[in-house]
Amino acid sequence: MAAGGPANHGSNRPDLRRVACNPDYWYPLAQSRKLKRNKTLEVAFAGEPIVLVRTDSNKVFALEDRCAHRQFPLSKGLVCGEQIQCGYHAWRYDATGAITTIPYMVTGVRPPRHVRAYPCREAYGLVFVFPGDPALAEQTAFPELPWFESQDYKVMSFERDIACHYTFMHENLMDMNHQFLHRRLMGRVKPRLLSHGKGDGWVEAQFRFGDGGGKKHRGANWLTIGGSDDETNFEIMTIRTEYPYQTLKIAGIKTGSVPSLALWAAYVPTDRHERRSRSFGILLVKKPRMAFLLTLIWPVLRHFTESVFAEDRMAVEAEQRAYETQGGDWNQEIFPVTIELRDLLLARGIKPVDGDVRYTSTAP
Ligand code: FES
Ligand SMILES: [Fe+2]
């Protein structure tokens with residue numbers, strides 16, 4: 001606890017904002033559309049520079065973004081067929097990270113053989129990388145988005161940089177009591193916790209929204225975020241962190257109701273100290289019987305979601321700034337779901353070592 005801070009809740013120790021994101025999971029590092037054929041893309045996981053490559057045959061691979069020779073970023077190189085060529089002295093690498101060509105081979109010297117390659121998969125319009133122990137990649141669950149392929153849903157994708165530790169993002173979404181922050185968009189919506197639970201690697205909460213009146217954004221009305229006082233037919237919002245991902249689903253109370261809205265999100269630390277995150281989101285919105293209506297209202301929904309996110313970003317970045325000013329986590333959390341979530345993030349994350357966050361490194 002930082003000097004001068006209040007007596008923290010037990011789950012605040014060790015400092016959650018110094019707990020590194022566990023690299024032994026599949027993380028999205030880019031939207032597929034940003035990685036063009038025969039091009040590279042510079043990305044990062046927790047300060048580890050990674051280059052994504054899309055080859056001539058449309059295969060995608062990921063290598064550490066530094067040439068074995070003089071650590072020049074490979075992302076500044078050229079894609080040659082199925083390989084990448086460093087832009088400095090033209091060494092070539094294949095998808096496994098092996099050096100295939102050194103154009104000016106000299107005798108009597110044993111050259112390096114390779115750079116690190118990361119397991120890499122493309123799905124849901126995202127490029128996923130496994131930044132941890134590659135031996136664990138195959139056996140580690142890949143995210144499942146059950147409605148992604150369904151023709152019944154329209155997809156909205158997000159990618160944004162946020163100046164905060166990834167844990168703030170999980171807490172922000174899970175604690176629906178923050179709807180007051182969105183009062184200009186949601187009106188006086190009244191969230192009520194119906195139930196919550198936790199298990200191995202997950203925390204989940206169900207909320208119901210009561211309508212307290214007030215003006216709402218048209219997008220909130222369309223997405224049925226705003227509450228209903230009908231006791232027989234109302235929507236339940238389920239928010240779940242299944243480490244390291246988070247989902248939000250809105251579905252009717254009636255048995256067998258399919259979600260009217262489903263969000264999948266991942267918050268990926270980009271800098272070594274994990275004070276910045278790249279947030280990836282996939283929002284699926286159920287098409288109405290007259291599907292063209294959704295197409296018509298789509299710009300309104302996008303404006304609504306962007307506006308909500310802007311308010312959330314303002315809040316979580318302010319929280320991060322407060323953390324920096326204080327030199328520690330002074331949160332005094334009282335909401336049981338958030339307390340359970342903090343415990344989960346602490347248990348699954350990588351605890352600080354010697355007063356610093358741990359981060360993956362391939363440095364020799
Ligand atoms: S730094 Fe890459 S070839 Fe020299
Ligand atoms: Fe929010």
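Strands β3 and β4 (residues 60-64) run antiparallel and are joined by five bridges. One of these links pairs Val 53 with Phe 61 in β4. The model shown here is predicted.

Now widen the view to the sheet. Strands of a sheet pair through backbone hydrogen bonds, in either a parallel or an antiparallel way. Here the sheet is open and has four strands, in the order β2-β3-β4-β9, with antiparallel pairing. The edges belong to β2 (39-45) and β9 (117-118). Each of these two has a single partner strand, so one of its sides has no neighbour in the sheet.

Next, go to Arg 54. This residue sits in strand β3, which spans residues 48-54. Is Arg 54 buried or exposed? Its relative accessibility is 6%, and buried means under 20%, so Arg 54 counts as buried. Its side chain has polar partners. One of its polar atoms lies 2.5 Å from the backbone oxygen of Leu 35. The side chain of Asn 58 is joined to that of Arg 54 by a polar contact of 3.1 Å. Beyond its neighbours within four places in sequence, Arg 54 is in contact with several residues, among them Ser 32, Lys 36, Val 60, Val 79 and Glu 122.

Met 290, Phe 292, Leu 293 and Leu 296 make a nonpolar patch of about 410 Å². Phe 292 lies in helix α4, residues 292-326.

Methods:
Residues are numbered from 1 along each chain as its sequence is written. Chains are lettered from A and ligands numbered from 1 in the order in which they are written. This is a predicted model: local features need pLDDT of at least 70, side-chain atom pairs count only at pLDDT 80 or more; totals for chains, interfaces and linings use all residues. Side-chain values use heavy atoms; hydrogens and water are left out. Patches are made of residues with over 30% relative accessible area and no salt bridge: like charges are joined within 9 Å, nonpolar side chains (Val, Leu, Ile, Met, Phe, Trp, Tyr) within 5 Å. Accessible areas come from the Shrake-Rupley method with a 1.4 Å probe; for residues, only the protein chains shown count as cover. A salt bridge is a side-chain nitrogen of Lys or Arg within 4 Å of a carboxyl oxygen of Asp or Glu. Buried means under 20% relative accessible area, exposed over 50%, partly exposed in between (1.4 Å probe, protein chains only). A polar contact is a pair of N or O atoms within 3.5 Å; within protein, one must be able to donate a hydrogen and the other to accept it, and residues adjacent in sequence count only if both atoms are side-chain atoms. Contact means heavy atoms within 4.5 Å. Two strands pair if DSSP finds at least two bridges between them.
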